[in-house]
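Hello,

Here is the structure I promised to pass on to you. Have a look at it first, and then read on for what turned up.

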Amino acid sequence: MFDWLANPNRFKKSTNKLEPLLMVISLLFIIFGLYFSLFDSPKDYQQGDAVRIMYVHVPSAWLASFLYLSLAVSSIFYLVWKHPLADLISSSIAPIGALFSILTLITGSLWGKPMWGTWWVWDARLTSMLILFFFYLGFILLHNAFERKIDGSKSASVLAIIGLINLPIIKFSVDWWHTLHQPSSILKFDGPSIDNQMLIPLSFMIIGFGLFSLYLIIINVKTKLIEKKCEALILKLNLKEIL
Amino acid sequence: MNPKYKRLIILILILSILGLATKLVLMALKENIIYFYTPNELKKKYGNVKNIDNKIRIGGLVLEDSVIIDKNTSIFEITDKKDVIKVFFKGQLPDLFREGQGIVAEGILKDNKLIASQVLAKHDENYMPPEVADALIKNGVWKGEEKK
């Protein structure tokens with residue numbers, strides 16, 4: 001079943017039309033989302049204008065976690081089914097996820113200084129998010145650390161799967177332990193505790209960030225496919241010269 | 001057996017063992033992972049000890065009508081609605097500091113009072129425009145932290 005999905009040509013064909021569409025739609029969502037969240041949404045009753053940082057912070061955090069889940073799943077596909085395309089997808093996701101996790105840490109820090117009174121504390125939520133960032137970095141480093149590429153792919157995939165354990169810790173850290181970070185406002189049993197006027201721009205940003213990451217991942221995978229083809233061609237030419 | 005499924009089963013096994021190990025470690029480290037104690041938890045943990053020289057963090061709500069601020073020095077009480085701890089603090093309080101607000105104070109315990117070196121405001125998970133907050137209070141359905 002997965003062999004059908006893992007064919008590089010089929011991947012290229014099916015994403016060719018999707019690619020420009022994704023770019024336009026995601027940019028529309030982000031532009032409208034940014035406009036709503038920066039200019040056309042209310043201040044918070046306690047935080048004032050600082051609440052607007054949340055419209056970048058929360059989507060980044062969600063994407064950082066969700067992309068890590070995707071990274072781990074595609075690493076499982078690579079290790080179990082040995083599809084080379086799965087490895088290309090993993091290594092395409094990693095830098096984007098790393099970017100979103102550092103963005104989460106930076107925006108959170110910018111919000112923390114005026115609201116909490118500190119840039120950083122070592123509470124469970126902040127620390128587990130930092131660890132997520134390190135897992136992304138570890139994946140990228142390990143992936144490029146070996147002479148034989150396949151060794152890097154394998155060990156980085158193992159690391160990605162180990163890091164999977166960190167995801168529920170990030171999500172539930174605010175419920176399991178006392179943390180300085182507030183509990184979840186959106187995904188909770190008794191419904192969101194965030195006003196609709198704020199939830200709507202936030203949803204725009206989340207959808208926009210999500211689609212834009214998908215767009216970036218597709219471009220990354222395509223570039224890597226072309227790279228691979230070039231390498232194969234060069235190898236062929238060199239062989240001919242020798243012969 | 002198909003080698004693919006063998007690999008998958010090994011992977012699932014390793015992951016579940018790793019997950020279990022992590023859970024045990026986290027349970028064992030619970031005391032170190034929590035960022036603060038509430039006054040009641042502190043009492044349970046240390047009993048009637050009046051002086052703690054290591055830095056500890058106490059979290060809870062600022063007790064109504066307990067705040068005295070004189071220039072740079074402030075005295076107030078933190079409560080978890082069971083126990084109360086008095087806090088002395090010299091320095092700049094965070095903007096969100098007010099009566100009824102959740103806060104975390106870090107310092108040493110001296111004579112059952114916390115000599116704080118840092119006071120942080122804790123924000124709750126409620127996000128709403130000021131008008132909505134006012135309306136909720138007016139209608140008596142306010143669920144968040146007490147607001148003054």
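The largest nonpolar core in this predicted model has 85 residues. The residues with the most contacts inside this core are A:Leu67, B:Ile58, B:Val87, B:Ile103 and B:Ala105. H3(A) gives the most to the core, with 16 residues.

Setting aside neighbours within four places in sequence, A:Leu67 is in contact with A:Ile93, A:Ile96, A:Gly97, A:Phe100 and A:Ser213.

Next, the two chains together. How many residues of chain A are in contact with chain B? There are 35 of them, and they meet 31 residues of chain B. On the side of chain A that touches chain B, the elements giving two or more residues are helix H3 (54-81), helix H4 (84-115), helix H6 (149-163) and helix H8 (196-242) of chain A. The largest share comes from H3(A), which gives four residues. Sorted by class, this side of chain A holds 21 nonpolar, 10 polar and four charged residues.

Now for chain A as a whole. The C-alpha trace of chain A spans about 75 × 35 × 35 Å along its principal axes. Of the 243 residues in chain A, 42% are buried. Among the contacts in chain A with a separation of 6 or more, 76% are between residues 24 or more positions apart.

Which residues of helix H7 (residues 166-176) of chain A are buried? They are A:Asn166, A:Ile169, A:Ile170 and A:Ser173. These residues lie on the same side of H7(A), because they cover an arc of only 100° around the axis. An α-helix has 3.6 residues a turn, so residues three or four places apart point the same way. The buried residues of H7(A) pack against H3, helix H5 (124-143) and H6 of chain A.

Finally, a word on chain B. Chain B is divided into domain 1 (1-33) and domain 2 (34-121). The C-alpha centres of domain 1 of chain B and domain 2 of chain B lie 39 Å apart.

Enjoy looking around, and write back whenever you like.

Best wishes

Notes. Residues are numbered from 1 along each chain as its sequence is written. Chains are lettered from A and ligands numbered from 1 in the order in which they are written. This is a predicted model: local features need pLDDT of at least 70, side-chain atom pairs count only at pLDDT 80 or more; totals for chains, interfaces and linings use all residues. Domain bounds come from an automatic or database domain assignment. Two residues are in contact if their C-beta atoms, placed from the backbone, lie within 7 Å. Ala, Val, Leu, Ile, Met, Phe, Trp, Tyr, Cys and Pro count as nonpolar, Asp, Glu, Lys and Arg as charged, and the others, Gly among them, as polar. A nonpolar core is a set of buried Ala, Val, Leu, Ile, Met, Phe, Trp, Tyr and Cys residues joined through C-beta atoms within 7 Å. A residue is buried if 20 or more other C-beta atoms lie within 10 Å of its own, exposed if 12 or fewer, and partly exposed in between; C-beta atoms are placed from the backbone. The arc is that of the directions from the helix axis to the C-beta atoms.
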